[in-house]
Amino acid sequence: MEFKPPFPPFTLETALEKVQIAEDAWNTKNPEKVALAYTIDSQWRNRSEFVNGREEIKAFLTRKWQKELDYRLKKELWCFTDNRIAVRFEYEWHDPSNQWYRSYGNEMWEFADNGLMQFRFASINDVLIEENHRKFR
């Protein structure tokens, strides 16, 4: 059995820790590493795409970071209870033509008892920005 502390039920301290761990992992842009935080059969909705299981997660993240270059993410705990955490986030990236974007969104997470995320639902909007308006460097 795999384990990924901290475990539910969450406290303010452990919810903040879980959010920071997720932010740090996603900023590695390493699909193999990131996918290990999810159950084998994890279910996602990311924008309008539905992703099921670690293999699809890895493929999704590989495509994502091939398109979203110089990706830099910040997550913020919004609320939590028992085995669920909600976050707001923003991240910046540019496409291959060097057009910069800031993406804003919300995620709802649900965790299994072993600390792996079993459900992730993300709503995301993109805003065009100029390179000199970037927040994250």
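1. A cavity here is a set of grid points where a 1.4 Å probe fits but cannot get out, and its lining residues have an atom within 4 Å of a point. The model discussed is a predicted one. By this definition, Lys-4, Lys-18, Ile-21, Ala-22, Ala-25, Trp-26, Val-34, Ala-37, Tyr-38, Phe-111, Gly-115 and Met-117 line the largest cavity.

2. The structure contains 2 cavities of 30 Å³ or more. The largest has a volume of about 120 Å³.

3. Which helix gives the largest share of the lining of the largest cavity? Helix α1, residues 12-26, does, with 5 residues. By class, the lining of this cavity divides into 9 nonpolar, 1 polar and 2 charged residues. Lys-4 and Lys-18 are among the lining residues.

4. Around the second largest cavity the lining consists of Trp-26, Asn-46, Lys-64, Tyr-71, Leu-73, Lys-75, Phe-89, Tyr-91, Glu-107, Arg-120 and Ile-124. β3 gives the most, with 3 residues. The split by class is 6 nonpolar, 1 polar and 4 charged.

5. Trp-26 deserves a look. Trp-26 is in the lining of the largest cavity, and Trp-26 is also in the lining of the second largest cavity.

6. Is Arg-54 buried or exposed? Arg-54 has 9% relative accessibility and therefore counts as buried, the cut-off being under 20%. Arg-54 is found in helix α3, residues 53-67. A polar atom of the Arg-54 side chain lies 3.2 Å from the backbone oxygen of Ala-35. Ala-35 is also among the contacts of Arg-54 beyond four places in sequence; the others are Glu-2, Leu-36, Tyr-38, Thr-39, Ile-40 and Leu-116. One of these contacts, Tyr-38, is in the lining of the largest cavity.

7. His-94 is found in strand β4, residues 84-94. His-94 counts as buried because its relative accessibility is 9%. Its side chain makes a polar contact with the side chain of Asn-98, at 3.3 Å. Leaving aside neighbours within four places in sequence, His-94 is in contact with Lys-67, Glu-68, Leu-69, Asp-70, Gln-99 and Trp-100.

Notes:
Residues numbered from 1 in each chain as written. Predicted model: local features only at pLDDT ≥ 70, side-chain atom pairs only at ≥ 80, totals over all residues. Heavy atoms only, no water. Helix = DSSP H or I, 4+ residues; strand = E, 2+ residues; numbered from the N terminus. Buried < 20%, exposed > 50% of the residue type's maximum accessible area, 1.4 Å probe, protein only. Polar contact = N/O pair within 3.5 Å; in protein donor to acceptor, adjacent residues only side chain to side chain. Contact = heavy atoms within 4.5 Å. 1 Å grid on protein atoms, 1.4 Å probe; cavity = no way out; pocket = protein on both sides within 12 Å on 5 of 7 lines; lining within 4 Å. Points joined across faces, edges and corners; volume = space filled by probe spheres on them. Nonpolar A, V, L, I, M, F, W, Y, C, P; charged D, E, K, R; others polar.
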